[in-house]
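Subject: Structure for your review, with notes

Dear colleague,

I am handing over the structure below, followed by notes on what was found in it. Please read the notes with the sequence and the coordinates open beside them.

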Amino acid sequence: MSFVFYLLATLTVAGALAAVLLKNTVHCALALTVAFAGLALLFLDLDAQFAGFAQILVYIGAVAILVVFAILLTKGSETPKDGVFSRTWVAGLAVAAAVFAVLAWAVIQTANLLPSSAPAPTVTVQQIGQALVGRYVLPLEIVAVLLTAAMIGAVIIAMHEKDGVK
Amino acid sequence: MQGNMDQIFVLLQHWLMGYLPMALQPLAGVVLGVVAIVCVFPALFALTTVFERKGLARIQNRIGPNRVGPFGLLQPIADGIKSLTKEDIVPLSADATVHFLAPVVLVVTVFMGFAVLPMGRNMVLVDLDAGLLFYFAMGASAELSVFMAGWSSRNKYSLMGAMRAVAQMISYEVVLLLSSVTVVMMTGSLSLTKIIEAQNHYTWGLPHWFIFTPWGLAGFVMYAIAATAETNRSPFDLPEGESELVAGYHTEYSGFKFALFFLGEYLAMFSISGLGTTLFLGGWSAPLAWLAWVPSWIWFFSKLMMSIFVFIWMRGTLPRLRQDQLMNFAWKLILPMCLLNLMVAALWRFLGEGWLRWVVCSAILIAAYAGMSLNELRRKQIGPRRYRYAE
């Protein structure tokens, strides 16, 4: 666990905490962007070049902008009248802690199973590409169909039904 | 001698690195490269501002700046002094932190894009295996700064300009990526140095640049259109159209922050032209085999400045596109052509060498273009415009 890892982890956690604790919703979205950037840098620290850059391209370049547009085009940018924190925050904290405990247990179990002396494999973009169109082509196609269905569904829900001929 | 001129900057870098102990040498090499980029491209930016003002002026039948220095060449110095000494006005109700950070984010992400461009033989700052992906990741992050600038100004014109700019940028980002994907498909690598190496061969003295293939020409045209839209240049400059939106998302910026936005926009133009020359025009390779004695970095920068000249030419000549025309153009005309171009590039590869693939691929692309243009022209009914909005 190097110094760089602790620095990036602090950045990510700080961004995520700011994203839930800030009052202004657009500030929260921008803090979330910082958390995404921290995650991307963690990927790059692990030498996963494709994952890191794809994280920046997709999350910061598209998802963050989408979140910001959604906040601006709906009424989310006005601060709600009865405060931003829910009243049942204790139950929420308990559930979050339970989920975190399960995930941490699962991760540590797999870390114990890996041989610690094996060097980290260098995954090139070509290997990722070949895996995507070779072994994992069916999940790729299903994800593509799912994304298309989601886009069409969003357009249908958002469009005002026109009476008469279009 | 020819090799020395070609590698003069690399040799200079190694000579300067030699003055430091072994442990610090890689760091020193990278720092020298960064210093070179940070000095050269803003200097080119200064030159381009004069170039643009004089060029636009001549196109519009006037002279342009001619008072500061011979032929107005010292004008950027005057502009720089002006922008440094102007009062920095921040609106009272503006969001101070975000307002401050927006130009910083823009300039930082745009400078990062220069790190993967090969500016000459062996002259890349970082030779990444996924170089093209890194470039597009930085380009995508620059859009966020546009939004931050528009939103934090608490000005409805700024916000509208920012929303329009972001909508335009994300639409044309799709076109930009898809037209670059054909190049990646044909070379089989995302690394920019390998893409140039694949173009650095000559047949009968003519180069193998991708622009000289049917799919490459179509890809280059679409890339150029998307690049113009990505950097908010005319004819796609509605987000900063002075006659419609005051100054769009950088209305409330004055003094040095405005200069930073200006710098960021021009640097984005440079880096996207640099990427376009790398992908389609062969990067640093010479146009004819017997011209290879000219240093490679001269070819790269010449092609870059030619692209900038074409940008300036387009700005002076073409009228501005309206927002819905812009969006229609991207999603209904260019995107189908891009997808078709992908398939044509695949067909090119699998038809094998020979004249057949030239004829077939050119025929498909020309037929598609003519068909789509005729289709668009035929459906033009002049009547009241009807819009469908999302609820």
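Asn232(B) sits in the loop between helix H9 (214–230) and helix H10 (242–245) of chain B, where helices (H or I, at least four residues) and strands (E, at least two) are DSSP runs, numbered from the N terminus. Its phi is positive, at about 55°, although Asn232(B) is not a glycine. Asn232(B) counts as buried because it has 24 C-beta neighbours inside 10 Å; a residue is called buried if 20 or more other C-beta atoms lie within 10 Å of its own, exposed if 12 or fewer, and partly exposed in between, with the C-beta atoms placed from the backbone.

Before going further, please note that this is a predicted model, in which local features need pLDDT of at least 70 and side-chain atom pairs count only at pLDDT 80 or more, while totals for chains, interfaces and linings use all residues. Residues are numbered from 1 along each chain as its sequence is written, and chains are lettered from A and ligands numbered from 1 in the order in which they are written.

A positive phi in a residue other than glycine also occurs at Asp47(A), where the value is near 70°. Asp47(A) lies in the loop between helix H2 (25–45) and helix H3 (49–73) of chain A, and it counts as exposed because it has 12 C-beta neighbours inside 10 Å.

Chain A as a whole has six helices and zero strands, and buried residues make up 17% of its 166 residues. Among its contacts between residues at least 6 apart in sequence, 53% join residues at least 24 apart, a contact being two residues whose C-beta atoms, placed from the backbone, lie within 7 Å.

Chain B has 14 helices and two strands. Its radius of gyration (taken over C-alpha atoms) is 22 Å, close to the 21 Å that the globule rule (2.2 Å times the number of residues to the power 0.38) gives for 391 residues, so chain B is as compact as a globular protein of that length. Buried residues make up 41% of the 391 residues in chain B, and 76% of the contacts in chain B with a separation of 6 or more are between residues 24 or more positions apart.

Within chain B, helix H11 (residues 256–280) is mostly covered, with 20 of its 25 residues buried. Its end C-alpha atoms are 35 Å apart, which agrees with the 36 Å that 25 residues should span at 1.5 Å a residue, the expected span being 1.5 Å times one less than the number of residues. H11(B) is followed by Gly282(B), whose phi is positive, near 85°.

Leaving aside neighbours within four places in sequence, the contacts of Ala162(B) include Val146(B), Phe147(B) and Tyr249(B).

Finally, the contact between the chains takes 21 residues from chain B and 20 residues from chain A. On the side of chain B that touches chain A, helix H6 (131–152) and helix H7 (156–187) each supply at least two residues, and the largest share, 10 residues, comes from H6(B).

With best regards
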